[in-house]
Amino acid sequence: MIVESKYDFDLDLNNTNSLSLMIGQIRRGSAVLEFGPANGRMTRYLKEALNCRVYLVEIDEEAGKQAAKYGEDIVIDDAETYSWYTRYENVRFDYITFADVLEHLHDPEQLLKKAKNLLKQDGSILLSVPNLAHNSVAISLLNNEFEYTSTGLLDNTHIHFFTKNSLDHTMERCGLIVAKRFATYAPAGTTEIPVTNASVAGIDESYWKSRPLGEVYQYVYEAKKGFEFVTETENYLHAGTYPYYFQVFFDYGEGFSEENNKTVQIAVHDEMQKVELDVPKGVKAVRIDPLNGACMLELKTICQQTEQGKKALKLQYTNACYQDEDKYIFTTEDPNAIFVVDGEGEFSHITAEFRFVTIDAIKVKAIAQYFESVRRELVDYRKKMAEEKERFIQEVYEPCRQEIAQIKEENEQIKRQLYEMKADTNRTRQQLQESHLQIGEYAQTVDILTGSTSWKVTRPIRKIGDLLKRI
């Protein structure tokens, strides 16, 4: 029989979660007492991968039967009856784990004190608890809401709640010394509580991002029996802001999904950063989520590494409210840009180089509003210029064009008249030249006649003729 419950899910060691953080502290070959193993997802890993001897305490009989396959022994009972203490009183453990268990107990301090007695001198208690001071809960309270959920921060089976300070005080009262502090993180809007950083009127989203430990989803502690047993101390809590990360989602031809992605935690500053990732075979497109929050950035390089060298990726889509070449402004809490290989080929290895200009939501919105106002002014200016152009065409250009066309036509007519006049002039000149030739010929003929004998002999007769004309 397979047990299915709200705590029945696969162990994920590829991403940061409370179980992976706990397992990371457990040495190979250790003796472990595990409270609340459910169906044994962590138990199996401890036994098969780390060769640990695991003893179990589980309240759910059916789940316990599944977990018992991987354990040395199991007590199926309510942990607060302390039957487990009688069973394991003579066993000493390297580690005792409480993975999301203490919040289900009426008196977790009493149980911790009892469990401490079963630790080896240098043994550790590993525990995880949800953070009641998470931004999602605080936002709900400010909106006069407090609703239990089936799982998560406000799981309806939780009867004890913790914050960072209350957990520290619990450790002190139990005589435990915290050696290491870890946490898992989840921004508001990504949890089971349906609120976002924008859900409280009058409070800017940037406040929730900078609220100390407001994005801590779970605290994970390693505690010792005394200072003398602490060999190293670590505080991995991010006190100022929640950790930022760069995500790449893969599309194999059926769209993007939350299951197909790689996440890289990054620092937020104004210097250049580089992220390099191997891409699984068969990926057709990648979606880059440069930050888990609003930002303005310069994406200097986004390229595919091939045998021939670097090849730029082609931007297909972005939800940036402004994008110009390598500059992007994202006002959304989930910024993304989709890239495809420019040309033939598949992804294999991508490199992204980028620089954040600002992640301050107020500044980002102010910059976005400025660019939007500039864009509107530009649109209005273009519209005005188009109207001016149309008016100029109708009132100035078109009349001028018509007048110019008329002048051209008149010029053509004058040219034709000039051509005709020139032709007439040439004909007249030719006629004059011909007349001159004829006159010359006549003069020559007269000269010949007046010099001839006939002209001389008939001269008296011509005189008589002239006298007769006068009479």
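Okay, housekeeping to start. The model is predicted, so to speak, on these terms: local features need pLDDT of at least 70, side-chain atom pairs count only at pLDDT 80 or more, and totals for chains, interfaces and linings use all residues. Residues are numbered from 1 along each chain as its sequence is written, and side-chain values use heavy atoms, with hydrogens and water left out.

Let's begin with the overall shape. Along the principal axes, the C-alpha atoms fill a box of roughly 185 × 50 × 45 Å. For secondary structure we have 11 helices and 18 strands; these are DSSP runs, helices being H or I with at least four residues and strands E with at least two, numbered from the N terminus.

How much of the chain is buried? Of the 471 residues, 40%. Buried here is under 20% relative accessible area, exposed is over 50%, and partly exposed is in between, with a 1.4 Å probe and protein chains only. As for contacts, meaning heavy atoms within 4.5 Å, take the ones between residues at least 6 apart in sequence: 73% of those join residues at least 24 apart.

Now, have a look at helix α6, residues 135–142. Why do I call α6 largely enclosed by the rest of the structure? Because 6 of its 8 residues are buried. Those are N135, S136, V137, A138, I139 and S140, and α8 (205–210) is included in what covers them. Just after α6, keep an eye on N144, with its positive phi of about 60°.

On to salt bridges. There are 23 in the structure, each one a side-chain nitrogen of Lys or Arg within 4 Å of a carboxyl oxygen of Asp or Glu. I'll show you a few.

One is D73 with R87, at 2.8 Å, N to O. This pair links distant parts of the chain, 14 residues apart: D73 sits in strand β3 (residues 73–76) and R87 in helix α4 (residues 83–87). D73 is partly exposed at 26% relative accessibility, and R87 is partly exposed too, at 45%.

Next, D289 and R287, where the closest N and O atoms are 2.8 Å apart. Are these two buried or exposed? Both D289 and R287 are buried.

Then there's D424 with R427, at 1.8 Å, N to O. Both lie in helix α9 (residues 361–450), 3 residues apart, about one turn of the helix. Remember that an α-helix has 3.6 residues a turn, so residues three or four places apart point the same way. D424 counts as partly exposed at 36% relative accessibility, and R427 does as well, at 44%.

Last stop: which residues make up a salt-bridge network? E298, K300, D326, K327 and R355. D324 itself lies in strand β15 (residues 322–324) and is partly exposed, with a relative accessible area of 39%.

That's my tour, thanks.
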